[in-house]
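Work through the exercises below with the sequence and the 3D view at hand. Each task is followed by a solution in steps.

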Amino acid sequence: MATQSEQVTILVTGGAGYIGSHFVNRYLQKKPFTHRILVIDNLSEGNPEAIENLKVLYGERLIFQRCGIGDAGVTTLLSDYGVSAVVHFAASALVAQSQVEPMLYLRNNVGESLKLLDSMQAAGVKNFVFSSTAAVYGTPNTDLILEDERKSPVNVYGRTKLMVEGMLDLLNERGALSYVTLRYFNAAGADPSGLIGEGHHEETHLIPIILQVANGRRKALKIYGNDYDTPDGTCIRDYIHVNDLADAHIAALEYMCQRPGTGEAFNLGTGHGDSVQAVVSLSCQVTGREIPVDLCGRREGDPPVLVASSDKAQQLLGWKPHYGLEDILKTAWQWEQNRKFCLQAT
Ligand code: UFG
């Protein structure tokens, strides 16, 4: 049994969600038995099956409490479990929805995050890892985005994430918080174990939709625009495997805990972009299936090219992505064919 002083407990918000559950898995897999995770999730988006599947692997090292990040009891949870750091995934994250329901995004992403920070302050917890997004850059002027690129989000989702980044800066400047902000590019893929994967109640992302078409669960992929200023006319994105993302959070936690007062933002991508058309072609090869497409008009708010420079993360965090697009598609395809939850979500 670990003694009280050896035990490390971190709080993970949104740990039943797609990226959060992959982080929980990687953290508990890599860290010694003295480390445990307390997940809080209100299950509005998260999947309880992800927690159940991980509980089978990690037993009591994974504690789950169904509650919101802004609930009054969070301060007590932080104190009772002796939490040393918070990794904050929970958020509303649908760009299109954010445009029509701005209040929801302000409430969930900004208001609830503020309450969480308040609870942390009350409990004396000063280490915070924040899930941000490439959406904070809007439509950048460069093809390879550095962290100090102009922040000009073109949708409400990106604006709410940028607001929280501002709150973290302010608290850090006042000496109240150490933080690392991680700006994700396009998360995709699944853990090779097949226990967890991408399972949104409403699917809008390119790769899961393509694979649902390959699997016969949808008729065709709608390609949103083939008249962009890119080599094949379709949008280019930087797809990064969810386990690579998860590992970057572990590196970020270590970096921050070794350097009290840290306040840094990092892009998480591969530095390489693929067009929608290229993803479709490679998906045909990986699945051995046909993927019918419908060419449609552009989707509002889609920048033509979003590719991360992740040099900063590689240099300071000592992290680098290991999976390429083919591995992403293979693991996502394995998940799609044997998925353990969210079967109804087409
Ligand atoms: N696309 C299609 N058809 C679809 C779905 C997507 O053609 O059915 C295209 C999109 O137009 C885009 C590309 O595939 O060009 C990728 O789209 P996704 O919806 O998979 O991802 P986004 O790049 O739009 O969104 C991602 C994250 C968001 C984040 C955003 C930042 O999922 O959380 O990057 O711009 F806000």
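**Exercise 1.** Find the helix that holds Leu117, decide whether Leu117 is buried or exposed, and list its contacts beyond its neighbours within four places in sequence.

Solution. Step 1: Leu117 belongs to helix 5, residues 102-123; helices here are DSSP runs of H or I with at least four residues, strands are runs of E with at least two, and both are numbered from the N terminus. The model is predicted: local features need pLDDT of at least 70, side-chain atom pairs count only at pLDDT 80 or more, and totals for chains, interfaces and linings use all residues. Residues are numbered from 1 along each chain as its sequence is written, and side-chain values use heavy atoms, with hydrogens and water left out.

Step 2: Leu117 counts as buried because its relative accessible area is 7% (buried is under 20%, exposed over 50%, partly exposed in between, with a 1.4 Å probe and protein chains only).

Step 3: Leaving aside neighbours within four places in sequence, Leu117 touches Phe128, Met167, Leu168, Leu171 and Leu177 (contact means heavy atoms within 4.5 Å).

**Exercise 2.** How far apart are Leu117 and Ser281 in sequence and in space?

Solution. In sequence the separation of Leu117 and Ser281 is 164 residues; in space it is 44 Å from C-alpha to C-alpha.

**Exercise 3.** Describe the surroundings of the ligand.

Solution. Step 1: The ligand is surrounded by 20 residues, and Leu206, Lys222, Arg237, Arg299 and Asp302 are the closest (a residue is near if one of its heavy atoms lies within 4 Å).

Step 2: Sorted by class, this shell holds 12 nonpolar, four polar and four charged residues. Strand 8 gives the largest share, four residues.

Step 3: Look at oxygen atoms of the ligand. A polar side-chain atom of Asn186 is 2.9 Å from one, a backbone N or O atom of Leu206 is 2.8 Å from one, and a side-chain N or O atom of Arg299 is 2.7 Å from one.

Step 4: On its own the ligand exposes 680 Å², of which the protein buries 91% (Shrake-Rupley areas with a 1.4 Å probe).

**Exercise 4.** What is the overall make-up of the protein?

Solution. Step 1: There are 11 helices and 14 strands.

Step 2: The C-alpha trace spans about 55 × 45 × 40 Å along its principal axes.

Step 3: Of the 346 residues, 55% count as buried.

Step 4: Among contacts with a separation of 6 or more, 82% join residues 24 or more positions apart.

Key:
A polar contact is a pair of N or O atoms within 3.5 Å; within protein, one must be able to donate a hydrogen and the other to accept it, and residues adjacent in sequence count only if both atoms are side-chain atoms. Ala, Val, Leu, Ile, Met, Phe, Trp, Tyr, Cys and Pro count as nonpolar, Asp, Glu, Lys and Arg as charged, and the others, Gly among them, as polar.
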